[in-house]
Amino acid sequence: MAEDFDSDFEETGGAAGPFDVRSLLLYGVARSRLIVVGLTLLGVIGGLAYSLTLPNQYTSVGKILLTLGARENLTPEASVDEDFDARKQRIGVREEMELLQNPEVDRRVAERIGPERLLAAYDPRRNDGPNTPWIYRRLHDLQAWWFGSDDPTRSTNFDPTSPLATEGAAMVAASTTNIFNASRTNILIFWTDAHDPQLAQDIATAYMEVSQEWHQETYAAEKNLPFITDRLGDAMEEVKLTSDRYKDHRQDCGFIDLQAQRSTLLTQVAELELENERAKIRLDEIKKELAKAEEQLSGADAMVERILPPERVQNPRYTSLIKQLENLNNDLTNLGSTYKEGSPSFLSQEANLKERIKRVEAELGKTDYYKEFGEARPGIVENPLIEELTVKMAELEREREGLAIAVETRKETLRNRHEALDAVLACDATHRLLELEVSSAEQKVHELSSALDRAEQLGAIDRDEQMSNLAVIQTPTYPLTKSGPDRWRYVFLGLVGGIFAGVGLAVLRQMLDSRVRYPDTLEAQLGVRLLSVVPEERRWKSRGGKLKKKALAGSAR
């Protein structure tokens, strides 16, 4: 075959040269064809042998729907938040998957399945029957020997109840099951691969059941009850302490309702200041009026000429009628002492007196009280303006003195009110702080009481209804056919690996060969052009090899 390649290359003229990749690959494979074939067969055998060391795999799949709510978020910290909204979930599918990765889940699964089942070696002969081909039975015997050589359950010291056996079984269970999340859903998929279909289904079932139990134990509301109860007791004690401090502070400050008293004092101060401002304005007005009155008084004459009115005296007729009216009223009042009340005489005298009183009143209304004598005449009298100004000035002085006294009184009252207001303001900061502390403590008690109620209600659900937020939507399947291993895949990989190894070794051998084997190499080294090439005959090659051996033997002697 090498001669055929040499001849083909010589006929093409060797255009590619000895270091061309294509030529290197072709001539290397041609020269080392036996090595390539051998390594390829070795790769196929290795892939087949490795596939036989792998047990059959059966896959069981189960699905759980995760519905998160208040239970998952009711942590000790979140339980005291009255405004907690379960829709604002902080716990998600990722956290749930992390929760189920806990080694305790694997340990419980191992205890539920049993270490003796999980650690037992794979025996493919258990499924052999009369119709199983002979070659398969022999391969199964070989596999049984291979897997049974490392079976811990066959040891006389094996104790399935020991912690070491349980731990090993838990590691095996964890290696067989993969829990993952379906894309963009709240569905958890339990994917279990085992060498036995029933074992695969049992492991998947155990993982789903233990996951539900572990989820419910982890998020059990009753775990938060001691924390909330302790916090509630502390909060109630804090309410008592802050209330006592607030009460003592109010007694020390002498206030009952600080805000109302502060508002009242501010109103009184404002009113007093307004009244004083008005009084000051009035005092300025009085001062101006007094100055004006003094100016008028200094310029007024003591005596002035006036027209004197006629002399006036009291009308005697008016006096007489008043006297008659009094007598008639007295007679009417004393009529009951003379006559029997209701008798004809009484009624007659009463009507007569009333008639006479009526006539006297009518005449009295027409009679003047004064009666003038003589005529008006000129005369000299004291200036009435002096008396009027004097009276007015006296009144203004009295008003000014009263206003001055009132202003001083209000100033004193203002000082007292300011002192009281200063006391209020001095107590206000501490009062507000203590008031806020009392309100905050009471609000905390309310929130913790509500949180305790919520935790007790969720605890009742945990105890009585056994409700879980993990709902099984697909029970683990029973695999009817094996899912692996794909032995032809390993054979193919061995084939590909053997080919690559053989070709690589052939190319390396060709690259390390320094002998001149091709016309192009000779032309390149000598710098001349070949006229012709004599093809190599196979008998020449064998004869040349014999001559070479003889020459080497002669030189050795």
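The following questions and answers walk through a predicted model of one protein chain.

Visitor: What is the mean pLDDT of the protein chain, and what share of its residues reach 70 or more?
Guide: This is a predicted model, in which local features need pLDDT of at least 70, side-chain atom pairs count only at pLDDT 80 or more, and totals for chains, interfaces and linings use all residues. Residues are numbered from 1 along each chain as its sequence is written, and side-chain values use heavy atoms, with hydrogens and water left out. With pLDDT being the predictor's confidence in each residue, from 0 to 100, the mean for the chain is 81, and the share of residues that reach 70 or more is 84%.

Visitor: Which helix has the lowest mean pLDDT among the elements of the chain?
Guide: Helices (H or I, at least four residues) and strands (E, at least two) are DSSP runs, numbered from the N terminus, and the chain has 19 helices and 8 strands. Over residues 1-18 pLDDT stays under 50, and the model has 27 contacts for them beyond four places in sequence, where contact means heavy atoms within 4.5 Å. Among the elements, the highest mean, 94, belongs to helix α6 (residues 103-113), and the lowest, 43, to helix α1 (residues 2-12).

Visitor: What percentage of the residues in the protein chain is buried?
Guide: Buried means under 20% relative accessible area, exposed over 50%, and partly exposed in between (1.4 Å probe, protein chains only). The accessible surface of the chain comes to about 36,300 Å², with 55% of that belonging to carbon and sulfur atoms; such areas come from the Shrake-Rupley method with a 1.4 Å probe, and for residues only the protein chains shown count as cover. Of the 557 residues in the chain, the buried ones make up 32%.

Visitor: Which residues of helix α15 are buried?
Guide: Helix α15 (residues 344-366) has 23 residues and reaches 34 Å from its first C-alpha to its last, close to the expected 33 Å, a span defined as 1.5 Å times one less than the number of residues. The cover over its buried residues includes α13 (316-333) and α14 (335-338). Those buried residues are F346, L353, I357, V360 and L364.

Visitor: Which residues does S51 touch, not counting residues up to four places away in sequence?
Guide: S51 is found in helix α3. Because its relative accessible area is 0%, S51 counts as buried. Leaving out residues up to four places away in sequence, S51 touches P485, R487 and Y490.

Visitor: How far apart in space are R262 and A423, C-alpha to C-alpha?
Guide: R262 lies in helix α12 (residues 258-298) and is partly exposed, with a relative accessible area of 25%. Beyond its neighbours within four places in sequence, R262 is in contact with L421, V424, L425 and D428. R262 and A423 are 161 residues apart in sequence, while their C-alpha to C-alpha distance in space is 9.6 Å.

Visitor: What is the N to O distance in the salt bridge between E111 and R107?
Guide: A salt bridge is a side-chain nitrogen of Lys or Arg within 4 Å of a carboxyl oxygen of Asp or Glu, and a search of the whole structure finds 19 of them. E111 and R107 both lie in helix α6, 4 residues apart, about one turn of the helix. The side chains of E111 and R107 meet with an N to O distance of 2.3 Å.

Visitor: How many residues apart in sequence are the parts that R410 and E275 tie together?
Guide: R410 is buried, with a relative accessible area of 15%, whereas E275 is partly exposed, at 36%. The side chains of R410 and E275 meet in a salt bridge of 3.7 Å, N to O. R410 lies in helix α16 (residues 384-465) and E275 in helix α12, so the separation in sequence of the parts that the pair ties together is 135 residues.
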